[in-house]
Amino acid sequence: MAENKMEKLIALCKRRGFIYPGSEIYGGLANTYDYGPVGVELLRNIKNLWWDYFVHARPDIVGIDGSIISHHKIWEASGHVSGFADAMVDCKHCKARYRADHLIEHYLEDQSESQIKALAENIEIGLETTDLRSSKRKLQNALRNKKVEGLAPKELGYLINYLPVFCPECKIEPTAWTSVRKFNLLFPVQLGIVEGEGGMGYLRGETAQLIFTNFRNVVDSTRVKLPFGIAQLGKSFRNEITPGNSVFRTIEFEQGEIEYFFNPRETDWEYLFDEWKRTMDQFVTGKLGIKSENLRWRRHTDAELSFYSKRTEDMEYKFPFGFKELWGLAYRTDYDLARHMEASGQELVITDPKSGEKILPHVIEPAVGINRLLLMILIDAYTEEAPSAGSGQANRTVLKISPKVAPYKVAVFPLLANKEALVGKAREIFSELQKSLSVSFDDRGNIGKRYLYQDEIGTPWCVTVDFDSLEDDAVTVRDRDSMQQERVPVTALRDYFLSKLA
Ligand code: GAP
């Protein structure tokens, strides 16, 4: 049923102009997508809302827009060149390549509690004869938590064969797997015409590092004082293999990241961490209108935690393919600034104006994927409704997207497309509303079809200009969710919608 919903949503996204497969007329390019006329509006609305909420509405956060191509030394210092890698495994039969952690976690999600218990208990029998004996506790914890992040390639390889996981592509049992190997996710770029390290850059693998490398510039060129945040919204690139859940995981995606810098001697990081959790919750439920029962927080286990992080938690959303990470929140200590200070030789400290003390700030980092927010919004909003008995209405599919992010707020129709007076008045209303809202105009097909279309792209209100409108200067406004209709004077229309959006 859940997968069915995902398939239907993906079909709707293509049919209605939200999301198209990338490079489609040339046969497609795996893990890339393009946004259509309706999708781009939704994407922009999410980004604007994020920026308004986390930058414009806060006195303590400023923004930057760093470059996408950046110096290879940034990514060496950050640890991405040596450590930013996925563990991959290939099926020897059909040559399909997978992320080993995804294969295993997918397998574990389908197991009952008693099966998991037996798997965790029995693992020690086979382990005794291998050099992974000392990994027993780690592997058992991974099985019990159904999370394998932090396991070494060898440990993942052991689990794949122990369970055993079969190749989802060719389904040959038992699958003969290659050993698990690490593949770096960064995209190198060759700059200029001379090959070699001097001309080497990388497409950024996250926006965060550009915040750290611009830290000195921001401190020197603005009036910020601790605690404060630097935010960035923009594209990141990772050479990942994905299991095809639309834009959930792609090789090119947009991130909204904040590094919130503070003096660990003055600010209690645990209090700050919990405050950020509340702020993120408020954004997702209050601003994006997501149902709170589909959200949960998951704390990283010790095995998953990066060595420099004291605490990391993921806000997870209940996607049709399981609870998955939506938004990460990490206390990264002073690790990143310290690494860049050491590698660049630049002083990345702040001098306390009162005491003269040199402070290397610590950070808390909320990091989210904007495309993942978009997918969540579509899934949460997707509703199929049967008509109420005797209403004479048809089944409908409706995206109950929060009006704040809906691609269009209002659609304006003339009742009949071949009546000049109706079309003229509808166009006038459209032009007037367009000055304050994002509005679409539609005079194709009959009213029923137009409602059907607008419901599927999530337009909260439809305005119909009918023959009475020419007499009383009022229109019919139909509400997307309740399907109730009411008459509103044209002169009051703009304020009517603005007050609903406020
Ligand atoms: N600076 C920390 C960082 O980048 P991350 O967990 O790798 O952390 C943060 O990424 C967020 O970016 C994730 O929670 C997710 O929403 C999004 N994200 C990561 N990889 C993605 C991908 N390949 N496609 C779409 N979104 C992605």
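**Salt bridges and a helix crossing**

Modeller: In this predicted model, E365 is buried, with a relative accessible area of 6%. Local features need pLDDT of at least 70 and side-chain atom pairs 80 or more, while totals for chains, interfaces and linings use all residues. Residues are numbered from 1 along each chain as its sequence is written, and side-chain values use heavy atoms, without hydrogens and water.

Colleague: Why is E365 called buried?

Modeller: Buried means under 20% relative accessible area, exposed over 50% and partly exposed in between (1.4 Å probe, protein chains only). E365, at 6%, is therefore buried, and R332, at 9%, is buried as well.

Colleague: What makes R332 and E365 a salt bridge?

Modeller: Their N to O distance is 3.9 Å, and the term requires a side-chain nitrogen of Lys or Arg within 4 Å of a carboxyl oxygen of Asp or Glu. R332 lies in strand β14 (residues 322-333) and E365 in strand β17 (residues 362-369), so the pair ties together parts 33 residues apart in sequence.

Colleague: Which salt bridge involves E384?

Modeller: E384 pairs with K8, the closest N and O atoms being 2.8 Å apart. The partners, in strand β18 (residues 382-385) and helix α1 (residues 2-15), are 376 residues apart. E384 is partly exposed at 42%, as is K8 at 30%.

Colleague: Why is helix α7 called oblique to helix α8?

Modeller: The axes of α7 (residues 136-145) and α8 (residues 153-162) come within 11 Å and cross at roughly 60 degrees. Angles under 35 degrees are roughly parallel, over 145 roughly antiparallel, 65 to 115 roughly perpendicular and the rest oblique; α7 is therefore oblique to α8.

Terms used: Axes are lines fitted to C-alpha atoms, for helices over the stretch in contact, and angles run from 0 to 180 degrees between N-to-C directions. Helices (H or I, at least four residues) and strands (E, at least two) are DSSP runs, numbered from the N terminus.
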